[in-house]
Amino acid sequence: MTEMMQRWTMNAVGAESLALESVAVPQPAAGEVRVKVGAVSLNYRDKMVIEGNVPIPLKFPFTPASDMAGVIESVGEGVTRFKPGDRVTSNFTPDWIDGKPAGDARTLPYKTAGGFYPGMLAEYVVLNENALSASPVSLTDIEASTLPCAGLTAWFALVERGALRSGQSVLVQGTGGVSLFALQIAKTLGAEVFVTSGSDDKLARAKALGADHGINRLHGDWVETIYGLTGDRGIDHIIETVGGSNLAHSLRAVAIHGQISVIGMLEGYDISIPAGPLLLKSPTIQGIGVGHRRALEDFIRAVDINGIKPVIDRCYSFEELPQALAHLDRGAFGKIVLTLA
C-alpha cells in the first residue's frame, strides 16, 4: 500500500490558490536523501513568491518555502554525506556550494529552493545530498529551520563579505529575522549595535537581546540621531532591509569607507542615491543574495560555539499556513515557523 503524506501546493500565483493535498511519499534516487521535515521557517520572500511578486517562473504545481530542518529517513544509492538519523537543514541555493554562484552578466544566479526548485512545505522532501547541511547540535529543528535564509544572510553580510571586527559599529534596520540574527552576530563579534524600528516595544526587546542603542525611526530624523550617538562618525556596517528611497538615508548614515549591505526591498526594487556622498564617502554598497553552503556551515559552527539562539515570534501548525502568512505580513519580531513534528 502506497504511503501518503501532506504538502502545500499551488497551481497559480496568489495565496488563494494554496491547497493542502495528499500525495505519495517520494522515494530517493541515486545521490538523494529523503528528509522527514520537522519545521519550516517562513521568510517574507516566500510570501512574495506566493503572491507572484518575485520575477521567477514557477513550475506548477508548486510547493513554496525555502527553509526547513528535519531528520534523514532514507538515502539513495551512492550517498556519502549523510545517513539515516542525521539531523539536517536545507540550503537556500542548493547548487551554490562555495565561491561565486552559477550565472553570468545576462543570466542572474537565482536558482533557489522554494522558487526555481520546489519548496519545503511538505511532510517529506527528497533532495540531493549536496543541498543539505548538518543541523547545529545546540538547536532544535524549529530553531535550526531559521538558519538557511535569514541567519545565513546576516552572516554573509557581516562576516563572509563584511569582515566585521570588534569595536566597529553595526546598524540593523527593523526587527525581522535577518535583523535580529545580525544583532546577535554583531554582538558576538564585539561590535556596537544600533537598531531602528517604528515600535518602542520592539526596540526594548532588541535591547534585551544586546542592542546598545534603539532608535524610533518615526520620532524625527533617525540619521541625525545616529550622528549624535556616534559623534558624527557614522556607522561602519549597515544592514539595509528596506531598499527603495531608504538607501539614500543609509548612505547619509554610513561612515567614510563604511559598508552597506542591501538585503531587503520593502520599498521597491528601484533605488537611487545622491552621487556626492557616494563619491566622497566611498562606501562599499553590496547586494546580499543569501549565501553559499560553506558559509552556512561556518555559521552553524559559530552558532554551536557561541550559543546563538534564533528569535522565534510564534510557531504555527503545518495546517495553519494562511494564519502564519498573515502574521508575516503584519510584521514579526524574529521568525515565524510552521511545525510538523
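Trainee: Which residue in β10 is the bridge partner of phenylalanine 194?
Mentor: In β10, phenylalanine 194 has histidine 213 as its bridge partner. The strands β9 and β10 run parallel and are joined by four bridges. Two strands count as paired if DSSP finds at least two bridges between them. The names themselves follow DSSP runs, numbered from the N terminus: helices are H or I with at least four residues, and strands are E with at least two.

Trainee: Before we go on, what kind of model is this?
Mentor: This is a predicted model, in which local features need pLDDT of at least 70 and side-chain atom pairs count only at pLDDT 80 or more, while totals for chains, interfaces and linings use all residues. Residues are numbered from 1 along each chain as its sequence is written, and side-chain values use heavy atoms, with hydrogens and water left out.

Trainee: Back to the strands. How many of them form the open sheet, and in what order?
Mentor: The open sheet has six strands, in the order β10-β9-β8-β11-β12-β13, with parallel pairing. Its edge strands, β10 and β13, each pair on one side only. From one strand to the next, the twist averages 15 degrees. In general, strands of a sheet pair through backbone hydrogen bonds, either parallel or antiparallel.

Trainee: Which strands does α3 touch?
Mentor: Helix α3 (residues 147–160) packs on the sheet and touches β8, β11, β12 and β13. Contact here means heavy atoms within 4.5 Å. The direction of α3 makes about 160 degrees with that of β11. Such angles run from 0 to 180 degrees between N-to-C directions, and the axes are lines fitted to C-alpha atoms, for helices over the stretch in contact.

Trainee: And which strands does α7 lie across?
Mentor: Helix α7 lies across β8, β11 and β12, and runs at about 150 degrees to β12.

Trainee: Which residues of α7 are buried?
Mentor: They are Asn246, Leu247, Ser250, Leu251 and Ala253. Seen down the axis of α7, these buried residues fall within an arc of 165 degrees, so they line one face of the helix. The arc is taken from the directions from the helix axis to the C-beta atoms. Buried means under 20% relative accessible area, exposed means over 50%, and partly exposed lies in between (1.4 Å probe, protein chains only). The buried residues of α7 pack against β8, α6, β11, β12 and α8 (275–281).

Trainee: What about α6, which residues are buried there?
Mentor: In α6 (residues 222–230), the buried residues are Trp222, Val223, Ile226 and Thr230. Viewed down the axis of α6, they fall within an arc of 105 degrees, so they line one face of the helix. Their packing partners are β8 (169–173), β9 (192–197), β10 (213–216), β11 (235–240) and α7 (246–253).

Trainee: What is found at the start of α6, and just after it?
Mentor: At the start of α6, a side-chain oxygen of aspartate 221 comes to within 3.0 Å of the backbone nitrogen of valine 223. Just after α6, glycine 231 takes a positive phi of about 60 degrees.

Trainee: Changing topic: is histidine 257 buried or exposed?
Mentor: Histidine 257 counts as exposed because its relative accessibility is 63%. This residue lies in strand β12 (residues 254–262), and its phi is near 60 degrees, a positive value in a residue other than glycine. Most residues other than glycine have a negative phi, and most peptide bonds are trans.

Trainee: Where is valine 290, then?
Mentor: Valine 290 is in the loop between β13 (284–287) and α9 (293–306). Its phi is near 65 degrees, a positive value in a residue other than glycine. Valine 290 counts as buried because its relative accessibility is 7%.

Trainee: Which peptide bond is cis, with omega near -5 degrees?
Mentor: The one from phenylalanine 60 to proline 61. Proline 61 sits in the loop between α1 (44–50) and β4 (67–75).

Notes:
A polar contact is a pair of N or O atoms within 3.5 Å; within protein, one must be able to donate a hydrogen and the other to accept it, and residues adjacent in sequence count only if both atoms are side-chain atoms.
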